[in-house]
Amino acid sequence: MELGEIMRTQHACRYFRPDPVGDDVLYTALEMARFAPNGGNRNAVRFVLVRDPIKKQRLGELYLPLWRDVTAAVASGATKMTSATGHAKSTKLGFSNPAKALIDGNHFAEHFGEHPLIIVVCVDISETHPTDTELGRLSIVGGASVYPMAQNLCLALRSQGVATSLTTLLVASEPEVKELLAIPPEYSTACHIAAGYPANPFPTRLRRAAVAEIAFVDRFGDSLSGA
């Protein structure tokens with residue numbers, strides 16, 4: 001497949017066929033994904049590929065109440081929810097059809113423990129170099145050493161006809177996930193990727209903000225044109 005087509009059709013899949021994803025497909029995808037840039041080339045990322053039905057079921061049990069907290073906030077009309085530590089978390093939906101997005105999201109959450117494969121993306125945070133820890137806001141920079149590799153993996157799977165959906169909700173249950181999967185203490189969970197062959201065809205067009213809305217030249221607000 002051409003790279004542009006892969007990038008334009010790598011969506012958040014909510015419905016999977018039960019077919020397993022073979023070791024050969026996963027190995028090929030991981031072989032490509034590992035070339036993502038990461039700080040200092042320290043290779044701090046690890047992947048746990050969860051296929052065991054009982055372990056997947058437990059992950060689903062942990063995921064569903066977290067999702068329901070979000071949907072409850074959306075149903076109340078709130079665009080943000082506040083954590084126990086006082087941090088605001090956006091619940092705004094930017095979909096063209098929010099009602100359908102919630103239906104699809106509910107299906108994904110209710111069947112989370114049944115998806116063919118759940119990939120737990122882990123990182124040794126001590127091997128990252130976040131440069132924003134003194135700015136008085138939530139740190140995000142350390143993610144530069146993990147999320148490019150996670151996205152590379154999703155793209156590499158898409159090139160082989162495997163759909164994915166990346167979620168960070170389950171990170172809130174990190175202690176339980178680490179115990180379940182025997183993840184060493186020095187590793188943190190960064191995200192979870194549900195993967196499998198899609199029950200429906202891949203989309204031909206994804207809805208995203210236009211380039212002029214997200215890219216600016218020399219000063220914020222001066223849009224880049226396609227001329």
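**View 1. The buried residues of helix 4.** Ala 101, Asp 104, Gly 105, Phe 108 and Ala 109 are the buried residues of helix 4; buried means under 20% relative accessible area, with exposed over 50% and partly exposed in between (1.4 Å probe, protein chains only). They all sit on the same side of helix 4, because they cover an arc of only 135° around the axis, the arc being that of the directions from the helix axis to the C-beta atoms. Helices (H or I, at least four residues) and strands (E, at least two) are DSSP runs, numbered from the N terminus. This is a predicted model, where local features need pLDDT of at least 70 and side-chain atom pairs count only at pLDDT 80 or more, while totals for chains, interfaces and linings use all residues. Residues are numbered from 1 along each chain as its sequence is written, and side-chain values use heavy atoms, with hydrogens and water left out.

**View 2. Helix 4 from end to end, and what covers it.** With 13 residues (98–110), helix 4 reaches 18 Å from its first C-alpha to its last, close to the 18 Å expected at 1.5 Å a residue; that expected span is 1.5 Å times one less than the number of residues. And what lies over its buried residues? The cover includes helix 3 (53–75), strand 5 (163–167) and strand 6.

**View 3. The largest nonpolar core.** A nonpolar core is a set of buried Ala, Val, Leu, Ile, Met, Phe, Trp, Tyr and Cys residues joined through side-chain atoms within 4.5 Å. The largest one here has 25 residues, and Ile 119, Val 121, Leu 153, Leu 157, Val 162 and Ile 193 touch the most other members. Two or more residues each come from helix 2 (23–33), strand 4 (117–124), helix 5 (147–158) and strand 6 (187–196). Helix 5 gives the largest share, six residues.

**View 4. Stepping back to the whole chain.** Seven helices and six strands make up the secondary structure of the protein chain, and 37% of its 227 residues count as buried. Among contacts between residues at least 6 apart in sequence, 78% join residues at least 24 apart.

Technical notes:
Contact means heavy atoms within 4.5 Å.
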